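Colleague: I've got the model open and I'd like to learn how to read it. Could you walk me through a few features?

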Amino acid sequence: MTAIKHALQRDIFTPNDERLLSIVNVCKAGKKKRNCFLCATVTTERPVQVNVVKVKKSDKGDFYKRQTAWTLRDLAVVDAKDAVKENPEFDLHFDKVYKWVASSTVEKNTFISCIWKLNQRYLRKKIDFINVSSQLLEESVPSGENQSVAGGDEEAVDEYQELNAREEQDIEIMMEGCEYAISNAEAFAEKLLRELQVLDGANIQSIMASEKQVNILMKLLDEALKEVDQIELKLSSYEEMLQSVKEQMDQISESNHLIHLSNTNNVKLLSEIEFLVNHMDLAKGHIKALQEGDLTSSRGIEACTNAADALLQCMNVALRPGHDMLHAVKQQQQRFSDLREQFARRLASHLNSVFVQQGHDQSSTLAQHSVELTLPNHHPFHRDLLRYAKLMEWLKNTDYGKYEGLTKNYMDYLSRLYEREIKDFFEVAKIKMTGTTREGKKFATLPRKESAVKQETESLHGSSGKLTGSTSSLNKLSVQSSGNRRSQSSSLLDMGNMSASDLDVADRTKFDKIFEQVLSELEPLCLAEQDFISKFFKLQQHQSISGTTMNEAEEMDGGTLFRSYSSGVPQTVSSEKDMIRQMMTKIFRCIEPELNNLIALGDKIDSFNSLYMLVKMSHHVWTAQNVDPASFLSTTLGNVLVTVKRNFDKCISNQMKQMDEVKISKKSKVGILPFVAEFEEFAALAESIFKNAERRGDLDKAYIKLIRAVFVSVEKVANESQKTPRDVVMMENFHHIFATLSRLKISCLEAEKKEAKQKYTDHLQSYVIYSLGQPLEKLNHFFEGVEARVAQGIREEEVSYQLAFNKQELRKVIKEYPGKEVKKGLDNLYKKVDKHLCEEENLLQVVWHSMQDEFIRQYKHFEGLIARCYPGSGITMEFTIQDILDYCSSIAQSH
């Protein structure tokens, strides 16, 4: 414990100016044994502060760390637990009660005694020491003695000064030389006195010797001063000699400065002249290229490009202050400006002629693309124009007005060219969709002679363009409606013996291929044109978007899309990416309305085409957005996708509306309702179309709406049915719905599939119970009376003593139902059920088997009553369960 105490004093308390007085090894009561130390300490500074410190060993090593400290002023109670018996437990009451268990009772008592003494000396506070032995509390000792007990050590420590190493060494040497000093202190003192006297004499002699040395030193100083005076005289004479030399050197220096200044000015002048000559002199070859260079050949274009770059460098050279005031510089700048204006005018005129020439060449190729569903390839046109890309960049940087004019002319020309191509392209697509031909008309004349096609298109759309009431629906996908549609194209297609659904599938597949081909042709066309615009007009496609929005750009016409720029910086279009999108909008302004017309036509032909269009359009929008979400193609396809989604929603709404308006015949049995069968057709078609599609969520929402509408409509028709029982309508149709959902495995309709199965099961049971009724009616009434007597309190074995229910009455009733009559009744029941059920769902045997089970259940119920109420009578039914099974089997086989 002493070693630990010294270690704690050295490592923890000495750095904090504290002195450790007492220590006890403890652990917390009632917890896992984790030992720590409680230390009683006092500070070495005044006023003295007494603390109780908790110290524990660190988890990371063998050193100790200070964990918690309490001041003795906060201690209220010290509880030693037992004043008589040895008990290592004790409590200290600070802000709360801390329960400790000491490693030994001796350490505990020593620590408590120290606490009591510190309290007596420094605090004089009333601390309650309970369950503490009176021997530990020395209350009868006078205060002075107590102070000596508690604080004597502290005072001794304060007066004691430890010897340093030098003092210890000197004392050791002295003690070794005077071993007798220990036994004879007076002799030792006399020796020290004699040595002191010797030292004093030596000091006096040293002082006297130093006086001679001082006199010699003073004499040497006097001689040195004389030498210094002589040196100063010589320096004065030298300075007078050098004064005349200095004047001559100043004159020479001034002459050299003037010469150096003249040379410097000449060098600077030469540098300025060389700068102007090197940076503002344009080679004769470049001037000739700008004035007469061939803009049709690749070599001439390259020479003009190099000359234009050289001219731009000469014009943009950063002149030094004062250069612009030189007459020669002004002349050269004017010459450069004239060359720039002349070349810019020549370049703009040539490019405009190139636009026109390329337009004529492109128009000559329209006829060969009009027959097939393809768009002309503009790659040769783009390739030829891209040779001028660097010159367009030069024009953009030097003359933005002409650059702007070329941009406007390009848009005006290309918009007309693309409008002709795209309209011809969509007309071919419409003809392929509708299956009509234009006899006696050439495709090359499509842009100017469109009356025949417009008439055909208007006949499909209706004069007002509205589709309400004419859109094909689920209920109209019958043989008759399909035949009516096919009659328009019978001259083109030989359908043979194909069914109406086969015709629908063929037409839908054909429409899907045509629509996909239209989108596949439009996408590369738009992307190629956008890439060309960015490269040719030097516009950045990936610059940040700000300023003019897409809607504002669409509202701008060709005349207001670009405006004049006073400083060469665009003010209307805030970013080059906006400019690309606005140019694309102007050039391809006919794409969106043509797509909408094609979509309306497809929806007019068959409303189910909206499913194909939704899948295809969603895929192409997703692809375009991955490339550039803000591009013209992405925005346009996104707008068209909204229209397609509306048509899809309208198709679903029409199906629901027609389900609600369905009417059934009052003279024939219902069977499987048309909209139930058509939902099956819709679901099968939709699953094949939407497989791995991006817009699967739209279909799932439509499924939920349709299936709920089917459920409601089935119940409505069942309630209104007069020829067919309600339970039969519900049973057959919900069985069909359940079979459809089980086959297609549509995950979002799992709850509806379970509901359909439950409704089918419930209505099957209800129909069986209602149709079977009471085949043994008199026997049934008899036993109802028996059960009524038992319910009134008559014991079952005493019922036979009742006059109306004795054994003779029971035998009479049983004789009325021989096996022959029972079989006849079952046969009539089978015929009745057969009239109610439809053949297409094939539920007759299922219903008949359920009725057989219900009849056997009633039979067993009667037998049980006979056994309980007429025991030992030997009365039995005229037929057995096996007879019932034979009757039912033979009836089913005979029919």
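Colleague: What joins E2 to E3?

Modeller: A hairpin of six residues does that. Strands (E, at least two residues) and helices (H or I, at least four) are DSSP runs, numbered from the N terminus. Before we go on: this is a predicted model, where local features need pLDDT of at least 70 and side-chain atom pairs count only at pLDDT 80 or more, while totals for chains, interfaces and linings use all residues. Residues are numbered from 1 along each chain as its sequence is written, and side-chain values use heavy atoms, with hydrogens and water left out.

Colleague: In which sense do E2 and E3 pair?

Modeller: Two strands pair if DSSP finds at least two bridges between them. E2 (residues 36-43) and E3 pair in the antiparallel sense, over six bridges. For example, Phe37 has Val55 in E3 as its bridge partner. E3 also runs antiparallel to E4 (residues 64-71), with seven bridges joining them, and there Lys54 stands opposite Thr68.

Colleague: How many residues of E3 are buried?

Modeller: Buried means under 20% relative accessible area, exposed over 50%, and partly exposed in between (1.4 Å probe, protein chains only). In a regular strand, side chains alternate between the two faces of the sheet. E3 (residues 50-57) is mostly covered, with seven of its eight residues buried.

Colleague: And aromatic pairs, how many are there?

Modeller: You describe a pair of rings by the distance of the centres and the angle of the planes. Rings of Phe, Tyr and Trp (its six-membered ring) pair if their centres lie within 6.5 Å; planes under 30 degrees apart are stacked, over 60 edge-to-face, and the rest tilted. That rule gives 30 aromatic pairs. Take Tyr410 and Phe532: their ring centres are 5.8 Å apart and their planes sit at 40 degrees, so the pair is tilted. Tyr410 is in helix H12 (residues 400-434) and Phe532 in helix H15 (residues 500-536), so this pair ties together parts 122 residues apart in sequence. Tyr410 is buried at 0% relative accessible area, and Phe532 counts as buried at 2%.

Colleague: Why is the pair of Phe682 and Tyr703 edge-to-face?

Modeller: Their planes are at 85 degrees, with the ring centres 6.3 Å apart, so the pair counts as edge-to-face. Phe682 is in helix H21 (residues 674-689) and Tyr703 in helix H22 (residues 696-720), 21 residues apart. Both Phe682 and Tyr703 are buried.

Colleague: Which rings belong to the cluster?

Modeller: Ring pairs link a set that includes Phe355, Phe381, Tyr410 and Phe532.
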